[in-house]
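Subject: Handover of a structure, with notes

Hello,

I am passing on the structure below, together with notes on what was found in it. Please read the notes with the structure open.

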Amino acid sequence: MKILVATSKPFAPVAVEGIRKVVEANGCQMALLEKYTEKADLLAAVADADALIVRSDKIDAEVLDAAKQLKIVVRAGAGYDNIDLEAATAHKVVVMNTPGQNSNAVAELVMGLLVYTVRNFFNGKPGTELKGKTLGLLAFGNVSRNVARIAKGFDMNVMAYDAYCPAEAIEAAGVKSVATREELFEKSDIVSLHIPATPDTIHSINAELVGKMKQGAILINTARKEVIDEPQLLELLTKRTDLKYITDIKPDADADFAAKLEGRYFATPKKMGAQTAEANTNAGLAAAKQIAGFFKEGITKFQVNK
Ligand code: 3PG
């Protein structure tokens with residue numbers, strides 16, 4: 001049984017070694033394709049793989065066609081918008097994710113970026129503090145819950161809106177639940193996006209919504225660039241010179257954002273929310289164990305396709 005780890009953005013070496021141990025302890029063989037830039041390399045590598053572990057690597061019908069022996073793909077992470085679920089189902093390939101395994105890493109990055117932002121990107125001029133500010137979390141999944149936990153340590157007021165999570169569950173976590181997205185944007189000093197990229201959410205962060213934000217507010221995106229309506233956001237922020245946009249996923253129009261929003265925009269050079277040894281190890285090991293459980297006992301917990 002061959003398990004291919006295909007990561008254009010590699011895991012930390014300690015995570016790769018951990019995955020290898022789990023794979024070999026289960027009598028399987030691990031193959032590694034890291035830092036590849038050509039799709040042809042992925043197509044060649046998947047040809048004889050029975051299982052595949054990926055990160056944000058795009059797994060489409062062409063990859064699935066090339067993977068003649070493939071039975072399972074595990075996205076070592078939370079968001080699986082990079083995998084064509086319909087094509088996987090058509091190819092009788094099970095798709096899973098590893099929810100929660102890298103969420104603390106993303107949450108810590110949110111707080112780090114916020115400190116960096118309110119301190120004027122460390123330019124030495126007086127900034128502000130996070131203490132006492134209102135942080136609005138859009139969606140209340142694993143990353144949000146970790147952001148809320150850490151933000152409370154900063155003495156921030158934390159509120160959340162989630163279309164699918166009941167208000168009682170949000171309140172039970174010690175976070176104020178608000179009734180609408182609009183209310184969240186109106187009442188927060190900072191809004192942090194934690195929605196997945198789905199047909200419902202793509203381009204949903206638009207000028208109308210962001211335009212409701214308070215004077216001097218900050219929008220931070222460590223989720224997906226696709227949830228933003230980029231042209232609308234750029235146009236709005238060009239007019240609303242009090243607002244800031246901070247992101248871990250460079251917009252397609254990064255150069256325009258940087259040029260037009262000087263001092264109010266920051267994008268990490270490469271998406272790095274989940275880039276910690278711990279997150280890589282947690283997600284990578286979970287993926288390897290899920291594959292072993294699937295082959296040995298038919299366990300399909302965390303399957304995301306039908
Ligand atoms: C996720 O969905 O798990 C995060 O966005 C991390 O993605 P990455 O593995 O590509 O860094």
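Helices (H or I, at least four residues) and strands (E, at least two) are DSSP runs, numbered from the N terminus. The model is predicted, so local features need pLDDT of at least 70 and side-chain atom pairs count only at pLDDT 80 or more, while totals for chains, interfaces and linings use all residues. Residues are numbered from 1 along each chain as its sequence is written, and side-chain values use heavy atoms, with hydrogens and water left out.

Asn221

Asn221 sits in strand E10, which covers residues 218-221. Its relative accessibility is 0%, so Asn221 counts as buried (buried means under 20% relative accessible area, exposed over 50%, and partly exposed in between, with a 1.4 Å probe and protein chains only). The side chain of Asn221 makes a polar contact with the side chain of Tyr245, at 3.1 Å. A polar contact here is a pair of N or O atoms within 3.5 Å; within protein, one must be able to donate a hydrogen and the other to accept it, and residues adjacent in sequence count only if both atoms are side-chain atoms. Contact in general means heavy atoms within 4.5 Å. Neighbours within four places in sequence aside, Asn221 is in contact with Leu193, Val227, Ile228, Tyr245, Ile246, Thr247, Asp248 and Ile249.

Helix H1 and what follows

Helix H1 has 13 residues, 13-25, and at 1.5 Å a residue it should span 18 Å; its end C-alpha atoms are 18 Å apart, which agrees. The expected span is 1.5 Å times one less than the number of residues. Which residues of H1 are buried? They are Ala15, Val16, Gly18, Ile19, Val22 and Val23. Seen down the axis of H1, these buried residues fall within an arc of 160°, so they line one face of the helix (the arc is that of the directions from the helix axis to the C-beta atoms). They pack against strand E1 (2-7), strand E2 (29-34), strand E3 (51-54) and helix H12 (277-297). The face turned away from the buried side carries the exposed residues Pro13, Val14, Lys21 and Ala25.

After H1 comes Gly27, with a positive phi near 75°. Cys28 lies in the loop between H1 and E2. Cys28 is buried, with a relative accessible area of 16%, and apart from neighbours within four places in sequence it is in contact with Met1, Ile3 and Val23. Further on, Lys35 has a positive phi of about 55° although it is not a glycine. Lys35 is in the loop between E2 and helix H2 (39-45), and it is exposed, at 62% relative accessible area.

Nonpolar cores

A nonpolar core is a set of buried Ala, Val, Leu, Ile, Met, Phe, Trp, Tyr and Cys residues joined through side-chain atoms within 4.5 Å. The largest has 29 residues, and those with the most contacts inside it are Phe185, Leu193, Ile205, Val210 and Leu219. At least two residues of this core come from each of strand E7 (157-161), helix H8 (181-187), strand E9 (190-193), helix H9 (207-210), helix H10 (230-239) and strand E12 (265-267). H10 gives the most, with 4 residues. A second, separate core of 28 residues includes Leu135, Val143, Ala148 and Ile170.

Salt bridges

The count comes to 12 salt bridges, a salt bridge being a side-chain nitrogen of Lys or Arg within 4 Å of a carboxyl oxygen of Asp or Glu. In one of them, the side chains of Asp189 and Lys214 meet at 3.1 Å, N to O. Asp189 lies in the loop between H8 and E9 and Lys214 in the loop between H9 and E10, so the pair ties together parts that are 25 residues apart in sequence. Lys214 is partly exposed, at 30% relative accessibility.

Two others lie within helices. Arg20 and Glu17 form a salt bridge with their closest N and O atoms 3.4 Å apart; being 3 residues apart in H1, they are separated by about one helical turn. Lys239 pairs with Glu235 in a salt bridge, again with closest N and O atoms 3.4 Å apart, and these residues are 4 apart in H10, also about one helical turn. Lys39, Asp60 and Glu62 are linked in a network of salt bridges.

Regards
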